[in-house]
Number of protein chains: 2
Amino acid sequence: MPTLEAADKAAGRVAYMGDLVIPGMAHAKIVRSPLPHARIVAIDAEAARALPGVVCVLTRDEVRADPDMEEIYGFVYRDAPLVAIDKARHQGDIVAVVVAEDAATAEEAAELVDVDYEELPAVMNVREALADGAPRVHEEFFPIAPELRPQAGTNICHHATIGCGDIARGFAEADFVYEDEFSAPPVQHCALDLHAVVAQVEDGQITVWTNCQSPFPLGRELERMFKMPARVIVPYVGGGFGSKSRDRLECVITAAAKLAGRPVRCVLSQEETFMTFIRPAYANRIQTGVKRDGTIVARRNTFYVDVGGYAISGARSANNTLKVATGPYRIPHAEVNCYAVYTNKPPSSPYRGLPTTQHTMAYEAQLDRIARDLGMDRLEIRRKNLVRDGDTHVTGDYLRSAHARECMEKAAAAIGWDAPLPASPDGKTLRGRGVSCTIKYTLTPARQMSENGAEIALGQDGVFEIRIGTVNIGQGSDTVMAQIAGDALGVGLDALRVVHSDTARVPVDSSTTASRSTYHMGRAVVEAAGVLKGRILEAAAQLLERGADSLALTSEGVEPEDGGGDGGGVSYAELARRVGSPLAAQGECIVGGTYDAPDGKTYPIASTFWTFASCAAEVEVDAETGQARIVQAAAAATTGTAINPRSIETQLEGGVGQELGPTLFEQMTWDESGQLLNAALLDYPLPTMETMPRYEPRYVDHPFEGGPFGAKGMGEVGAVVVPGAVLNAVYDATGVLFHEMPLLPHKILEALDAKSAAAQ
Amino acid sequence: MPTLEAADKAAGRVAYMGDLVIPGMAHAKIVRSPLPHARIVAIDAEAARALPGVVCVLTRDEVRADPDMEEIYGFVYRDAPLVAIDKARHQGDIVAVVVAEDAATAEEAAELVDVDYEELPAVMNVREALADGAPRVHEEFFPIAPELRPQAGTNICHHATIGCGDIARGFAEADFVYEDEFSAPPVQHCALDLHAVVAQVEDGQITVWTNCQSPFPLGRELERMFKMPARVIVPYVGGGFGSKSRDRLECVITAAAKLAGRPVRCVLSQEETFMTFIRPAYANRIQTGVKRDGTIVARRNTFYVDVGGYAISGARSANNTLKVATGPYRIPHAEVNCYAVYTNKPPSSPYRGLPTTQHTMAYEAQLDRIARDLGMDRLEIRRKNLVRDGDTHVTGDYLRSAHARECMEKAAAAIGWDAPLPASPDGKTLRGRGVSCTIKYTLTPARQMSENGAEIALGQDGVFEIRIGTVNIGQGSDTVMAQIAGDALGVGLDALRVVHSDTARVPVDSSTTASRSTYHMGRAVVEAAGVLKGRILEAAAQLLERGADSLALTSEGVEPEDGGGDGGGVSYAELARRVGSPLAAQGECIVGGTYDAPDGKTYPIASTFWTFASCAAEVEVDAETGQARIVQAAAAATTGTAINPRSIETQLEGGVGQELGPTLFEQMTWDESGQLLNAALLDYPLPTMETMPRYEPRYVDHPFEGGPFGAKGMGEVGAVVVPGAVLNAVYDATGVLFHEMPLLPHKILEALDAKSAAAQ
């Protein structure tokens, strides 16, 4: 089943944010701080305002002058001003917004805004930020999410610990304790659809068009900040990967639109996206205690996430991964410590499962070291330790449908794990294979992070309209929801259409993140379909003067179950013409709506479901250049029932396609003065078709009880498992275990040199 | 241009009220008074309530027990109780409502409601009602419309007089004064779509589906009566002709639905429609003073309209025709007296222009008597007296576009007025021709009787949706409004769709009556299109980065005016995908809405426009049977610009097809005890294809300044002119002037016998 919008997308008939025009709209350009940390002494916008074509300039003065405009944004961590008030906290921080009749004038005027900065000492990484006497990025903390706990007097905006068993006893019982430190630098999501917003404030109502992944929380935040109702409309989105989950750009542009008194459009440049939301720098120390036979008895993972200048998104994302930082293993004694740390980098956001990806890289690389050290087979040590159904996780959750081992076996088999590696006649091509396993949570109602509903209406045209808050971000959500609704109703896809992500048209949904939509929205769709089906049968029963239990929904309409299609039924079009209901909105005849009431509301769990995945990769390393190349890879993930196998395959394939960049060559680089050196795609290489390995997606599709038709989410895990498998394959090829992404050629070459030097 | 819904109607794909199903609906049967006037001593509904399947019974007790249910209905004249409180005022008056699971049970239970009536003396006609000491139908009056003036202590619920000049001087200056009395009995509209309502009261909201002609005033009245918001939805209507303009059935069934706690459906039987709203009995005395040369110098028309037991609609309808009761003639001294009188007949409603029809019959028949008496040609006397542009009407209105004479000439020519009549070799077939002329008002904002708006939205599918309150009652309103919108926007009809008469989806419109829609709604549509067009050009200009004044709307999309169609434009579908506006409702991109602000708001006039029409008819009268047959007829009406000639023709043709019934044979008949004798189509003959004459429609289409593309209304006049022309033709054929409709064979025979007896 191809995605519903595939043909329109291929033909260029789908409008993204960049295509959108709002009548009367002006154009905004953001004035950004060139310095990573600076006091704003003065802002002189007179020259900008005087430029013909300039509509207005928003600075801290205008924000402060408006009693109905809150200064500070953030619905998870409230620490980001609309525009800098006292100081700028990262290079690219928003200092002012210039609005003009056209984009070129706005750009010209933005350069005329004269800002007097007093440079402050910056902390450009976690080490500096945690040093004694380090400059403070924020003087105060204001976490909104209840689980976030800053440490007063430090740059630690959140610290939390979870664990199980008795970690000291665990290490005491171990025959060996291995300790490693792993790290990964920031990278950029590089969604092709750049951050874009059009905002309008008119008649006491905000309307925002945006490619945001969380329209409902954003709408609520807009309402709080501007004290008026807000509608958020999200068109098709050309990739988000977490970078569009909680940006403040919508609020900034709304403030500009309010000041301008007309719609204002802002589309970020590629360079600006590098200063908006990034995948954070990550570092950890992982200690694992094992028995001589390879049984893991204890593990401590202490990790540090560099959330940058604002914790609006990064602190919670870091905290969420506490629950998966020990991996998909049975570990009786475990402890995880999370530190989210302010620095003067751009703010961080999730990145397709991050930082689960880095956790996985760390514990999987270390596990290969342990296997090699104990002389064990790398699959065997995993088979021994991987979780199984009925195990209790470090969070206390009882694990169901924990097909972790099946994932690993399938992934390994898919690349021919047991086949001999090709020889390298000249000895210059080093070859190896690696595997990695992961466990991923989803957002869960118990923690007030997940709520959602769906509505299905039989419209007056006889077509079923499915209304969902899920953002169509390229993942195929419209299609999956249409398939679920079609199966739940018993009708064909041509009787369905999907309306997505407009807060005025669909029920509340918290976000399109964390692989949550298929399960949560799918459940809501099933329930909505059930309600609607009952109402349709009731109506048809009255219309046809038959018992509702003798009727069934078919692709043709409502038919008598014993009728064999020879009449006696009623088409949906006729039903729509002849049935009315005040429950329905304007122009419809019957609506079924529901709010999901998932498991987490009734008893506390860390995740509604857990997804397991594995990647197996085969690499070639050129011993002369240090260049690593992934020859082939395979990933397998637990999907529950595979609603749309092709979508699952492309999600897995997209995961490796994207994550091989940060694994092999992507990284954002700053110079000593804190200036970002490669904020442009010319300087920042991305994966291309050339870097894409031969790839085999596999899914492990045991129906998951409670999921819609047995499905569960898997959108992120295909990416999450890549770095661990590649590091392990390079380890296998070279005998060198890398502790840091990306595996740049010069690092590999240095390591090979060091190894051969040590051997001599 | 055929009507948009023609194919669907022909194929049976259009749902009327009788087709509608509301899930969970119960069925109502009304318990009606068998007596024309009776005190309700007691109502015992216990046996009915005890019948299995009965949901509830609404009587005066339930109405009185509900503090949030007003007892008395009426937004023009408030005199009709939901159900009889103290007495019944006509045969068929609503005494109770039984609600049951199915219609058969409701009918059975209705017969079990035991009502103890104390019969009261009834007044069955105006003469009885105006007699000294006559029983009073109502003890109090409660007119809502400000122009209605009851006469205390009488059965006159409204009396009004208008005039111009000095009537006494007029008659004094006349060489001859003619005085006649004319009358016509009640008839029934006999719309094929019977009165039907489904009402639901749920969550503090009323929803009513009905085939009412005035959804917005009805909605307001529902809100007043039940103190909660109301939505009124009107599907396609299979004929109204005035009978569905202000019925109380919707309120009655809403009260039943509120009591039942579920949707309640009520479809009247044919018999019940005869006791719901009827065309009233009419009588007048008309005195006309003329000069020897045929010039009319004075006219007084004193007319009596029998509004039946309730004045909810009839009093205002009667009053409205004050302004046309002297006909389309230049008369310096005129006076019109209107009496609307309560009797114990069923309540009256308008009937396709009524009582203008009866006025026209009266003054046109009298004018033929005057012509014959003065030895003048019948067309010549009319040519001499018909109004012309610039004349001042009896109302004081300055007449524009007064092509009365052209109508007469066209109608007369169409039946070959000057050709010799075929001979009757055996002398048994009497042949004659007659003509009649009329003037008709429309409802006008100055009198707070007319308000309306239209909205046009460019939907997300690239189709323009025209939202109008006009009820599609078979007259082709959707099509005409689509044509007007298409021309005003510059787009083709396949880019348009129409949404009509749902108070939650369209702007306010006062009613689909009085030939008002083409002019008033057409103006609103033109204005809405203008606003929308401007917004679309503005948006397209931004999208295409061109000046708005270099662009034009075409059937393909917005194109550069100089482009010659070779690209550079944008389709509506693409515009819809790429343009957003917070002005638009959910799911749309651009909306233009407007409220008409017509002439009457700025200076007081009696009618926004005046429509003129003539009918010419040729009849054969069988001297042996007295049977009159219309051989051929033609009507011509001023239409302004003819937006849809075919619709105009069928309106004119439908007018004669309907009105020849009351002219020749239809009448409701009561026995001496006040029992209606022929409330069924077996006993009440209707026109059929067999009675339809050869018919020639003509229109006089001089563009009318101010109308949409020069159009004005003409829906009723085709019927209005029929009786006068037929009476005059029969007069021409037989030498007998009839003063009363219908021209039943036995009356003609009696008249011919009396004439030949007088001649002997």
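## Helix pair in chain A

Two residues are in contact if their C-beta atoms, placed from the backbone, lie within 7 Å. The model examined here is predicted. In α17(A), Gly655(A), Val656(A), Glu659(A), Leu660(A) and Thr663(A) meet residues of α19(A). Their counterparts in α19(A) are Val722(A), Pro723(A) and Val726(A). By class, the residues of this contact are 5 nonpolar, 2 polar and 1 charged.

Packed helices are described by the angle and the distance between their axes. Helix α17 of chain A covers residues 645-664, and helix α19 of chain A covers residues 722-734. Their axes come within 9 Å and cross at roughly 60°. Angles of 65 to 115 degrees count as roughly perpendicular and those under 35 as roughly parallel. α17(A) and α19(A) are therefore oblique to each other. The crossing is right-handed.

## Open sheet in chain B

Chain B holds an open sheet of 4 strands. Its order is β18-β26-β27-β28, and the pairing is mixed. β18 (429-440) and β28 (694-700) of chain B stand at the edges. Each has a single partner strand, so one side of each is left without a neighbour in the sheet. Neighbouring strands are turned by 15° against each other on average, direction ignored.

β18(B) and β26(B) run antiparallel, joined by 12 bridges. Strand β26 of chain B spans residues 611-622. Within this pair, Gly434(B) stands opposite Ala617(B).

## Helix on the sheet

Helix α13 of chain B, residues 404-414, packs on the sheet. α13 touches β18, β26, β27 (628-638) and β28 of chain B. The direction of α13 makes about 30° with that of β26(B).

Methods:
Residues numbered from 1 in each chain as written. Chains lettered and ligands numbered in written order. Predicted model: local features only at pLDDT ≥ 70, side-chain atom pairs only at ≥ 80, totals over all residues. Pairing = 2+ DSSP bridges. Helix = DSSP H or I, 4+ residues; strand = E, 2+ residues; numbered from the N terminus. Axes fitted to C-alpha atoms, helices over the stretch in contact; angles between N-to-C directions. Parallel < 35°, antiparallel > 145°, perpendicular 65-115°, else oblique. Left-handed = near helix turned anticlockwise from the far one by under 90°. Nonpolar A, V, L, I, M, F, W, Y, C, P; charged D, E, K, R; others polar.
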